[in-house]
Amino acid sequence: MRTVAIWSIKGGVGKTAAAVNIAHAASLGGTRTLLWDLDPQGAASFYFRVPARLEGGARIVVDHTTDLGWHARPTEFDNLSLLPADFSFRRLDLELDATKKPRQQPVRRLEPLATRYDLVIMDCPPSVSLVSEAVVRAADAVLVPVIPSTLSIRTLEQIREFVVEHGHGRTELLPFLSMVDRRKTMHLELCERCLADPSFLRTVIPSASVVERMGLTRAPVAATLPTQPAAQAFASLWEELAARLHIST
């Protein structure tokens, strides 16, 4: 089982849209996928029409007497389950801090799921916290959406340092360009700069109204408009991510 955290310190960069669409793309290829919505806002849960409520709330993340997989909910898509968010996740730092070895809690909770899932994607809150440290430690890869702006690129450097400090030595940092508007000269210039960095995935996610409309359709783009360039871009991003993580598709 491979574990991917989709995370950025900066909000509004297309993090949850990427998590939802990559999870859907993975499931279409037969990869048994669990999307874990760790953001107390519960946007990923909303997109999949699953209530952002979790029995036991934040406590289930550290409660080793229960099976974390029991809380997973099926979506309307084959091979895709969702572990919903809960507003109590805003206190998840406190729950972790009250345990021994708090940074190892997500790792220990995910290990028993390896027989049921091939891939776990964690949609993480846009913050720096003990939760962030624990998620980075649990992840095989940290996928970072980067919009073509100076501040977003600066944020990536902060994340890079954070992953080096808190990863388990094998955690791979995989940034990708998100919400790109090719009509803007600055976007094109900064895209060229980013793609000169070999750590960047090659796929570029466009700024597109169909992604914004996910809030109305409450579905991944490919489920409603599979021929749209944005849907194809997310499929390409998944293929590239799978190749980097050696996941057969």
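**Helix pair H5 and H6**

I looked up the handedness first: H5 and H6 cross in a right-handed way. The contact itself involves Ser132, Glu133, Val136 and Arg137 on the H5 side, and Phe162, Val163 and His166 on the H6 side. A reminder to myself that the model is predicted.

Two packed helices are described by the angle between their axes and the distance between the axes. For H5 and H6, the axes come within 9 Å and the crossing angle is roughly 70°. Angles of 65 to 115 degrees count as roughly perpendicular, so H5 is roughly perpendicular to H6.

**How covered is H5?**

I checked how many of the 9 residues of H5 are buried. The count is 8, so I noted the helix, residues 130–138, as mostly covered, with under 20% relative accessible area as the cut-off for each buried residue. The buried ones are Leu130, Val131, Ser132, Glu133, Ala134, Val135, Val136 and Ala138.

What does the covering of the buried residues of H5 include? I found strands E1 (2–6), E5 (119–123) and E6 (141–146) in the list, along with helices H3 (92–97), H4 (105–110) and H6 (150–166).

At the start of H5 I also found a side-chain oxygen of Ser129 within 3.2 Å of the backbone nitrogen of Val131.

**Glu133**

Leaving out residues up to four places away in sequence, I see Glu133 touching Arg103, Phe162 and His166. Phe162 and His166 also turn up on the H6 side of the helix contact.

**Thr16**

Next I went to Thr16 in helix H1, residues 15–28. I have it down as buried, at 14% relative accessibility. Which side chain does the side chain of Thr16 make a polar contact with? It is that of Asp123, at 2.9 Å. Asp123 is also in the contact list for Thr16, next to Ala43, Ala44 and Tyr47, with neighbours within four places in sequence set aside.

**Thr66**

My other threonine, Thr66, is in the loop between helix H2 (43–47) and strand E3 (73–74). Thr66 has a relative accessible area of 29%, so I logged it as partly exposed, the class between 20% and 50%. A polar atom of its side chain lies 3.2 Å from the backbone oxygen of Asp63. Not counting residues up to four places away, Thr66 touches His71 and Arg109. I also took a C-alpha distance: Thr66 and Leu83 are 17 residues apart along the chain and separated by 14 Å.

**Positive phi**

Last, I looked at two backbone angles. Arg49 is not a glycine, yet its phi is positive, near 60°. Arg49 belongs to the loop between H2 and E3 and is partly exposed, with a relative accessible area of 47%.

Lys101 also has a positive phi without being a glycine, about 50°. I found Lys101 in the loop between H3 and H4. With a relative accessible area of 58%, Lys101 is exposed.

Conventions
Residues numbered from 1 in each chain as written. Predicted model: local features only at pLDDT ≥ 70, side-chain atom pairs only at ≥ 80, totals over all residues. Heavy atoms only, no water. Buried < 20%, exposed > 50% of the residue type's maximum accessible area, 1.4 Å probe, protein only. Helix = DSSP H or I, 4+ residues; strand = E, 2+ residues; numbered from the N terminus. Contact = heavy atoms within 4.5 Å. Polar contact = N/O pair within 3.5 Å; in protein donor to acceptor, adjacent residues only side chain to side chain. Axes fitted to C-alpha atoms, helices over the stretch in contact; angles between N-to-C directions. Parallel < 35°, antiparallel > 145°, perpendicular 65-115°, else oblique. Left-handed = near helix turned anticlockwise from the far one by under 90°.
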